[in-house]
Amino acid sequence: MPDFLLYAKSLGTATLISAACVLISVFLTLRRSPDRHRRVLSNSPPVQPGQSRGAQQDSSRPLLWGAAVASLAGIWSASYVLNWRFVWPPANGLQRWWELVIPGILVAELLLDHLSLSERWAWAFRLLLACVVPRVLLAGSIYLEDAEAGWTTGQTAVVIGGTGFLLWCTWWLLTQLAERTRQPGFVVGTLCLSLGACGACIMLAGYLKGGLASGLVAGTLATVAIATHLSHRQQPRPITVGLGVVSLFSTAVIGVCFGRLRMELAGVICLAPLGAWVAELRWLQKLPGWMLPLVRALLVLVPLIATVWIAKQIFNRDLAPLLGGGRP
Amino acid sequence: MHRVFRVSLLTCFVGLLASAGQVCRAADEYSYDPVHSSISFKARHADVSWIHGRFNEAEGKFSIDKADPTKSTFELKIKADSVDTGNKARDEHLRQPDYFDTKQFPTIEFKSTSTKAIDGGYEVTGDFKMHGVTKKVTLVLKGGDKVVEFNKKKVIGFSTRVSVKRSDFGFDKSAIGVIGDEALIDIDCEGVR
């Protein structure tokens, strides 16, 4: 049976630990260079005339490191509260997501920042990462290992390549949207909501642990975004958007391939954050300032609410009767 | 006359070798007969009753060495996806990662590592692999004392019951809930050769 008190405890722990990590990163930045933090807090525009890319990165680097450590610490501390022990080598999709994919994405983003690659090369590297993620999640499963019940080489290439490409496109489009919109936390917010919706749908399809994991990542991500905004007046976009979008696709892949989440619902949830792009249409841009964020939010929320409602109807039809006398 | 004697001697030698080969044949190999075998399980529900289920698909083989029972071996591979509790929705739920995770761990396997003869059967210790976790388990196999011939095939049978704790095999503790942690697995199988 779902233990909601334990879930609340784990979410609370993730929130506290990740917020504490962000505060520690602020403290360390202040200790090392008070000027640097002041420069960050002054909310300077992303590209200053005459400011070198290196100087700009230098000011955002502590923020990225703080966000990366906070995300990982928050997620792993929540798993500790839930008694999900670190298993090596990871044996199932969920363990591979938490132990390989999440740290992998965070390390990759820090590496990209450290190497100062051009945007083109950085996105080429992210395309490679996006294609590796589904392969890692499905490792050892019957899809890849079973000669009879599994996929052929062609099917594997189409599924993994297609999912990876879709993930990369969504990643790129959301990064562009985050740079266009004047609402700093909007894209991360939509990703957190989508992760929450995906978790709810996976739970309603009968996979409690998978749904819970998705909710915990959403909670941690939201905490990191809010804490960094409050402390740095900035968003560590490569970390929050990257982690958010990769986690969203990871949960969807796990839910569809290992759980009973319907593919069409997973597709709608993964693409729902892109709905906010509709608000970028020229005729919608003429709307009053207060209305545009509302339209943007509705464009994301409506499909998410619809998918959760459909998942609840399927649950009522298939699984709720089992609860008459207890869980199966 | 001398040549006849030599040919007879060689023939006898070859005959002796052939019969010795028959005697020294290591063991009788049997394959699992899915039609006349059954693998069922039961677990406590809400600590008031039992829920029953079975696995409909399995394969395996065993070799029985009557002369030296310690050389007998047993192997069984159950398809976790074939779980059947008489309720389709529940079966689908049991296939998910909170329970058997059949897309990741498609089989439940037993492979013997040591065997000894006991009164009325064999005591077989081996590796029991379920949900990606392997543990040593000892089975007490009853039967094997009688081999019958049916449709020109030799048939042998064994029965055993094994108790396993799901939490020992990495099942999610929060999903154990009202279904008891302990499951009793009954295996009644026939082997044919």
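A charge sits over a ring if NZ of Lys or CZ of Arg is within 6 Å of the ring centre and within 35 degrees of the ring normal. In this predicted model, B:Arg44 lies over the face of B:Trp50, at 5.0 Å from the ring centre.

Over all chains, the count of aromatic pairs is 20. One of them joins A:Trp76 and A:Phe86, whose centres are 5.7 Å apart and whose planes make an angle of 70°, an edge-to-face arrangement. A:Trp76 belongs to helix α3 (residues 53–81) of chain A, while A:Phe86 is in the loop between α3 and α4 (93–115), so this contact ties together parts that are 10 residues apart in sequence. With a relative accessibility of 32%, A:Trp76 is partly exposed; A:Phe86, at 53%, is exposed.

In chain B, the rings of B:Phe41 and B:Phe55 have centres 5.2 Å apart, and the pair is tilted because the planes stand at 40°. B:Phe41 comes from strand β2 (residues 38–45) and B:Phe55 from strand β3 (residues 49–55) of chain B, so the pair ties together parts that are 14 residues apart in sequence. Both B:Phe41 and B:Phe55 are buried.

Chain B also holds a cluster of rings. Its members B:Tyr30, B:Phe62, B:Phe74, B:Tyr122 and B:Phe158 are linked by ring pairs.

Key. Residues numbered from 1 in each chain as written. Chains lettered and ligands numbered in written order. Predicted model: local features only at pLDDT ≥ 70, side-chain atom pairs only at ≥ 80, totals over all residues. Heavy atoms only, no water. Phe/Tyr/Trp six-rings, centres within 6.5 Å; stacked < 30°, edge-to-face > 60°. Helix = DSSP H or I, 4+ residues; strand = E, 2+ residues; numbered from the N terminus. Buried < 20%, exposed > 50% of the residue type's maximum accessible area, 1.4 Å probe, protein only.
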